[in-house]
Amino acid sequence: MPAKDDATIEALRNDLALQIARFARRLGATQVVAARRLGVPQPTLSKILHGRVSNLSVELLIRIAVRAGLPLTLQTGVAPEEAGVFLSFTSSRRDSVESRSKLGEEARESLARSDSLLTGSQRLEAFLEHNQQIAALRAASSAAGGRPARRSGSRP
C-alpha cells in the first residue's frame, strides 16, 4: 500500500479506537465488564483504551463499534489528514444520549430542527461542506505548527 493509504488507514484506526474508548469509559464499568459488553477480550479493550491499536484491524474496530451501537461515519479524503471517524447521531438516538451542557443540547435541538427542513440532497451538500470546512481548519492548524484540529461532533 502506498504511504498515503497507510496514513489514511492509521487515522481511521485511531479515530475508531478513540470512539470505542470513549464509549467504554462512559459505561463507567471495569475493563472486564466493558470488554464483555463489547465482545472482546479485556487485553484487547485495554489496548484500545490506551491507544495501542496499530496491530488491530480496522474491521475488528468496526465490529466493536457496531456491538456498542455507535452511529459512526467514516471519512477518507484527498490527504490522510482529512480522514476521520465522526459520531453521527440520528434523531431517534439523540434522545437517548445524555446532554453534557445546556449549550450542547440547544445546538443539537437547533440542528434537528434545521435537519428536518432539508431535503436529502441538501443534507448531503451540508455534510460535504462541513467536512470541507473541517479539512481546511485542520490544514490551517497544521500549517500553523499546531496539532491537527479535532473533528467536529466526535470529541467531548
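In which helix is the place of Phe23? Phe23 sits in helix α1, which covers residues 3-27, where helices (H or I, at least four residues) and strands (E, at least two) are DSSP runs numbered from the N terminus.

This is a predicted model, in which local features need pLDDT of at least 70 and side-chain atom pairs count only at pLDDT 80 or more, while totals for chains, interfaces and linings use all residues. Residues are numbered from 1 along each chain as its sequence is written, and side-chain values use heavy atoms, with hydrogens and water left out.

**The chain as a whole**

The protein chain has seven helices and two strands, and along the sequence these follow the pattern α-α-α-α-β-β-α-α-α. Of its 156 residues, 30% are buried, a word that stands for under 20% relative accessible area, with exposed meaning over 50% and partly exposed in between (1.4 Å probe, protein chains only).

Helix α1 has 25 residues and reaches 36 Å from its first C-alpha to its last, close to the 36 Å expected at 1.5 Å a residue; the expected span is 1.5 Å times one less than the number of residues. Just after α1, Gly28 takes a positive phi of about 70°. Leaving aside residues up to four places away in sequence, Phe23 touches Arg37, Leu38, Ala68 and Leu70, where contact means heavy atoms within 4.5 Å.

**The two strands**

Strand β1 (residues 72-75) is joined to β2 by four bridges, and the two run antiparallel; two strands pair if DSSP finds at least two bridges between them. Leu72 has Leu87 in β2 as its bridge partner. In a regular strand the side chains alternate between the two faces of the sheet. In β2 (residues 84-87), Gly84 and Phe86 point one way and Val85 and Leu87 the other way, and all are buried.

**Salt bridges**

A search of the whole structure finds two salt bridges, each defined as a side-chain nitrogen of Lys or Arg within 4 Å of a carboxyl oxygen of Asp or Glu.

| Salt bridge | N to O distance |
|---|---|
| Arg13 and Glu10 | 2.6 Å |
| Arg63 and Glu59 | 2.7 Å |

Arg13 and Glu10 both lie in helix α1, three residues apart, about one turn of the helix. Arg13 counts as buried at 12% relative accessibility, whereas Glu10 is partly exposed at 27%. Arg63 and Glu59 both belong to helix α4 (residues 58-68) and are four residues apart, again about one turn of the helix.
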